[in-house]
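Here's a quick tour of a two-chain complex, written to be read with the model open. Have a look at the sequence and structure first.

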Amino acid sequence: MDNDIKIGVYFCTCEGEIEKVIDVDSSAKEASEWSGITAVHKDAFLCSNDAIRKIRDDVKEFGLDRILIAACSPFFKVEEFSDLGINKYFVERVNMREQCSRVHSNDPENAAKKAKAMLKIFLEKVKNSKSLQPVKIPVSKSALVIGGGVAGINASIDIAETGNEVLLIEKNLFLGGKAAELHRYFPRMCPPSCGMELMFSKIKNNTNVHVLTSAEIDTIGGSPGNFEVLIKTSPRHVDMDKCTLCGKCLQLCPQNAIIYPEGFSYPDIPAINRKLCAAECNKCAEICPVDAIDLYEEAKMSNVKAGAIILATGWEPFDPAPITEFGYGRLENVVTNIEFERIAKEQKTFFDEPKKAAFIQCVGSRDERHLPYCSDVCCMVSIRQALFIKEANPDSSVYIFYNDIRTPGEYEELYRKARKTGIIFVKGIPSELRQDEPQKINFSAFDTVAGERLDITTDIVILATGMKPPEGTPDLKDKIGITLNRNNFIESHLQCYPQDTQREGIFSAGCCRAPMDVSRSIESAGTAAIKTLQFFNNRTEIIPDHPAVNTLKCDVCKRCIEECPFKAYSFDEKGFPKSDIMKCRRCGVCMGGCPLAAISLGDISIEQLSEMIDAIDKSYLGDDEPIILGFLCKNDAYRAADDAGLKGIKYPPNFLGIMVPCAGTVNGAIIAKAISTGVDGILIAGCSDNQCHYVQGSALAKVRLTDISNKLKEMYLEPERVRFVSINRDESEKFAETIEGYVKELKEMGRNPLRI
Amino acid sequence: MPPYVVKEKCDGCKGKEEPLCEQICIGDLMTLDAETGKAYCRSLRDCWDCMSCTKLCPKGAIEQRIPYQLGYHGAKLIPMMGTDSITWTCVDINGKVERFAYRTRNRK
């Protein structure tokens, strides 16, 4: 530490709010005697323009290197204190109001002692702070959208229409995905061709959208903002630019190997299925008047640069064959809902005469053995399909066998309509399906509402199968490094960042994240597009406050690489772990996990924390009073503590709080140091497990604390001297109670024998 | 007497190529059991009781059995490493506990 550092300490009385508890004058006088303090000033409103001007003048006059502001919580008046004429990382806020004066107003004497202790701690922090300058990193403002279904197409259009380049890749020959195969969408019963045609024309007319069909991701490298993607394109054998759609090849082909675009398709260019081609047959290539056919075209690899990636890989229908009692694949006229969709679309004769049909809901869904989740759309799909039959022929009798009908929101209208039309809903799933007579299906079911057994003979049984993630998802996971949830859908923080995957710059849209209907897919595509644009915008200037590894200490144990929730770490050219500034989200889980305490975040380092602990006067409340050092997570616990201040909830002044980005930031060595220098209790407060914004920060903090409390037990110290508690944003009462209870316990335990 | 690895605590240092105890051991005695993924001392009689591995282990999974010349069964020596501090807890055969906290110079 440089002893010549000049520090200015500025006190705010908050118009008496702080002063009525703490004697700010005497604090200021005391502070002015500490070494390194060059300027001390007190103001009734430190956030006023005059006071800010005074600070800026002082910076110039005294040449201040660091500034300490003893006022309200660092979450308030951020803007006001952001530009004081020195690097903003040289300015430290001491939370005098929310975490001292307001919560200890019943005990002014001790509040003043705590205030002094807090000042000393944060003085040490600011002394050891580093100046951080934003760095400019060029971000390629083009997006890669993987999957050309309804979500992918919409996301592409949304991004392209804001003037950014998009590359949309689809593994099939044509865009449209599963939605294009449908007969009608609910709830308005529009045919997909209508909306799709509009989307395709938008794609065609927008020069920012580039489409690659029959293309798949080979590898993804680079880092967010500058991904380098290798794309493998399978041959189509027809040159898209040359083909005029004359159709000559189609008439000629003896093997039906030409896949001709139907109705509305994009691209509206045929393709050739070489697997069907007869050997040595070259007829189509010969007849093509524009020379568009190349039967010997090979797969191409192309390198693409993309700033961000949107995953819209969609879904696959669940295969009901493993559920043997429904006889799918064994019995005729047992079809899945997707197959029935094709019947509705293509075989109009099916609807010519009245039919007897039965729908079985939740086939494989909400079943631990198959799909443990609800697929969200099957109820509406079945009702819609039942309506196709009923509306074509009102004499048809249609049964829907269900566990629960789930038609949320506007879709309830669909259900009501179905009931009115005379579709029979039976609560109870049929047992085994049989075929007693040709072309018919027989089965029995127990109607649990009426309490009677039904024996039914139908012409067709439609199995309402759910959605599952596409086969290739685990493979994609390995390539991109995203995480999947327990159902193999792409994981995200559902509440706060539904569109963000756990990797920076990679977003998800549509059914690859969770089962969704068309309207929700389109919605999620819009959100993913917005997130992508935000990413392009926000990432031009970055503050390098990401963790840095002290290579003099690092032993390359790789714990940081393993524990980083965002896979931001890789080895640098010297073989040491290095976090990618673009991938990192500054949670500091690596800093907390490093066994050698060799990793520090830019704005709160191991060294700072260590010095801060040294600066604590362990007996600031007297020899017999225990003290608690609290590490409060920025997202929840610290704010709950601030809330306690705002509400004026009282807790004992034995608690000193330090804000950390995540509970996982706190290193074991820091805790060990605090214990061995005489702190009586360590409290780490973070979010509850499944709410941690950094995925596993809280969970890891708990594991680490267990290790330390085991160690304390071995040392014949009380293992309860370290404690993890989960405090949510709104649990300020719980926070105060926790501290009160902990102080009581620590008093019973007696003082830390290591306190001198 | 050699270090004893508490299997339930050891997590093989996650990276699983060379755990910290293997890196720090001056005699190159500690290594990972490929099957269990846990560390062990491969040559018990060669250990010098330097306790480097015990101090370094992030999980606190390594216990040191003190040589009988220093303390008979029941005696323990437990280190706890802070950022720039080490605290020794010494337990003698009668269960008497003494603790010593020192400042170290391993901060930078």
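Beyond its neighbours within four places in sequence, A:Arg585 is in contact with A:Glu504, A:Phe566 and A:Tyr694 (contact means C-beta atoms, placed from the backbone, within 7 Å). You'll find A:Arg585 in the loop between strand 28 (577-579) and helix 15 (589-593) of chain A; helices (H or I, at least four residues) and strands (E, at least two) are DSSP runs, numbered from the N terminus. A:Arg585 counts as buried because it has 20 C-beta neighbours inside 10 Å. The cut-offs are 20 or more other C-beta atoms within 10 Å for buried, 12 or fewer for exposed, and partly exposed in between, again with C-beta atoms placed from the backbone. Its C-alpha atom is 9.2 Å from that of A:Pro565, which sits 20 residues away along the chain.

A word on the source: this is a predicted model, where local features need pLDDT of at least 70, side-chain atom pairs count only at pLDDT 80 or more, and totals for chains, interfaces and linings use all residues. Residues are numbered from 1 along each chain as its sequence is written, while chains are lettered from A and ligands numbered from 1 in the order in which they are written.

Staying in chain A, helix 9 (residues 337-346) has A:Asn337, A:Phe340 and A:Glu341 buried. These three cover an arc of only 110° around the axis, so they are on the same side of helix 9 of chain A (the arc is that of the directions from the helix axis to the C-beta atoms). The buried residues of helix 9 pack against strand 16 (334-336), helix 10 (378-392) and strand 22 (460-465) of chain A.

Now for chain B. Its two helices and seven strands run β-α-β-β-α-β-β-β-β along the sequence. Of its 108 residues, 35% count as buried. The C-alpha atoms fill a box of roughly 40 × 35 × 25 Å along the principal axes. Chain B is divided into two domains, with bounds from an automatic or database domain assignment, and their C-alpha centres lie 20 Å apart.

| Domain of chain B | Residues |
|---|---|
| Domain 1 | 1-49 |
| Domain 2 | 66-108 |

How many residues does each chain bring to the contact? Chain B gives 23 and chain A gives 26. On the chain B side, the elements giving two or more residues are helix 1 (20-24), strand 5 (76-81), strand 6 (85-91) and strand 7 (97-103).

Technical notes: Contact = placed C-beta atoms within 7 Å.
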